[in-house]
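Colleague: Before we discuss this model, could you put the sequence and the structure up for me? I would then like to ask what lies behind some of the terms.

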Amino acid sequence: MTDGSVHEGGSVHEGGFVYEALPMRVVFGRGSLARLPEEAERTGARRILVLSTPQQRDLAARVAGLLGPRAVGVFDQARMHVPVETVAAAEAVADGLAADGCVAAGGGSTIGLSKALALRRGLPVVAVPTTYAGSEMTPIWGLTENGRKTTGRDPVVLPRGVVYDPDLTMTLPAAVSVTSGVNAIAHAVEALYAPDGSPVVAAMAEQGVRDLAAALPSLAADTGDTSDTGDTAGREAALRGAWLCGACLGATTMSLHHKLCHVLGGMLNLPHAETHAVMLPHVAAYNLPAAPGADAALRRALGAYDAAAALAALATGPGVPGGLRELGVAEADLDRVADEVLAAPYANPRPVNRPELAALLRAAWTGSTPGGTS
Ligand SMILES: NC(=O)c1ccc[n+]([C@@H]2O[C@H](COP(=O)([O-])OP(=O)(O)OC[C@H]3O[C@@H](n4cnc5c(N)ncnc54)[C@H](O)[C@@H]3O)[C@@H](O)[C@H]2O)c1
């Protein structure tokens, strides 16, 4: 995930900040998928490859249909964590079709693949996100080779355009809505205490959490009946929140939570959003006492006295894992995770030492009440 090395620079005085706006265009709203051809046109691409996972190939076909002759093919083999083998296969297809641009229709895995094509082939990307992961808002790329994920930042991978259509998220299963939504909230939580935060980022973070926190309880109870449009407002609020939280991820350096999830995901091949959902309340309980400004913003956004407890309450529901143990992590793995986290720590508002990290990981493993570590 976000590597801690990219926002380096001389320090600014207390209260000062540096903010760099990222050049991106966002089209948001129900039915906005219809505007995709216009957004693709703006990139100048004439031969577009549409990307998706195998599960979302129907969406990819729909997108290709919308683009008309401008779409020269579909590659529907996107996989979690962007394996280099998948990138090589996509490159071969892109080269064979002489593609000069791509549209990524899906979640972070599909958008991650489009970023790899942007990085290695210079293809401009238009993203159509269908989860709340937020990759579309960042210049962060990731590639996995031999079980090891490498990440970096490069402006070339930032999508030129992003089309957020809440209608495309109606098919998200309830548990994925919750875990993906908490994944988004995690970006905002860490942006609020980031070493390179700013008032702009803080405002986006607080509003993003507010939108998601308002929406997730009803989405958690979603029956999956897509003929029921009662959740439309919730879906819209959640996607708007995901956009804001993703923008926070793109603008700041992440801390302990993202480091832990990066190590857990890479070392133990854990599912991305679920890992975030399990870890966030525990990291919040650990960090927020050392980050009063972030704590206050989160309490306002969550409408709660105890932000970590409110996050724990949000990160629950049928199908949502209650602890790392439920994700198949063995207790013996926790030591190795702690070793790797401590070997190359990210900046963090509260110093991280071995006994406290071990206690945090154990609480997350059992799924006990967050804050037993402080
Ligand atoms: N580079 C970045 O800035 C960044 C940011 C966040 C996440 N990521 C990466 O993104 C990946 C995780 O992304 P994710 O959590 O979005 O999962 P994902 O993209 O792997 O999607 C999970 C599953 O849900 C399906 N799906 C997606 N949208 C759906 C919808 N609307 N309806 C039904 N099914 C749908 C997908 O096809 C897939 O099978 C990880 O590899 C993570 O590292 C990168």
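Colleague: Which helices and strands each supply at least two residues of the shell around the ligand?

Modeller: This is a predicted model, in which local features need pLDDT of at least 70 and side-chain atom pairs count only at pLDDT 80 or more, while totals for chains, interfaces and linings use all residues. Residues are numbered from 1 along each chain as its sequence is written. The elements that each supply at least two shell residues are helix H4 (108–121), strand E6 (140–145), helix H5 (174–192) and helix H9 (272–287). Helices (H or I, at least four residues) and strands (E, at least two) are DSSP runs, numbered from the N terminus. H4 gives the most to the shell, with four residues.

Colleague: Which residues come nearest to the ligand?

Modeller: Of the 28 residues around the ligand, those that come nearest are Gly 107, Gly 108, Ser 109, Thr 131 and Ser 135. A residue is near a molecule or strand if its C-beta atom, placed from the backbone, lies within 6 Å of it.

Colleague: Why is the ligand said to lie between domain 1 and domain 2?

Modeller: Both domain 1 (25–169) and domain 2 (174–366) give residues to the shell around the ligand, so the ligand lies between them. The domain bounds come from an automatic or database domain assignment. The centres of the two domains, taken over C-alpha atoms, are separated by 25 Å. To the contact between them, domain 1 gives 18 residues and domain 2 gives 21 residues, where two residues are in contact if their C-beta atoms, placed from the backbone, lie within 7 Å.

Colleague: What makes E2 and E3 a pair of strands?

Modeller: Two strands pair if DSSP finds at least two bridges between them, and four bridges join strand E2 (residues 48–51) to strand E3 (residues 71–75), which run parallel. Ile 48 stands opposite Ala 71 in E3.

Colleague: How confident is the predictor, and where does pLDDT stay under 50?

Modeller: The chain averages a pLDDT (the predictor's confidence in each residue, from 0 to 100) of 92, and 94% of the residues score at least 70. Over residues 1–9, however, pLDDT stays under 50. Where pLDDT is low, the predicted coordinates should not be read in detail.
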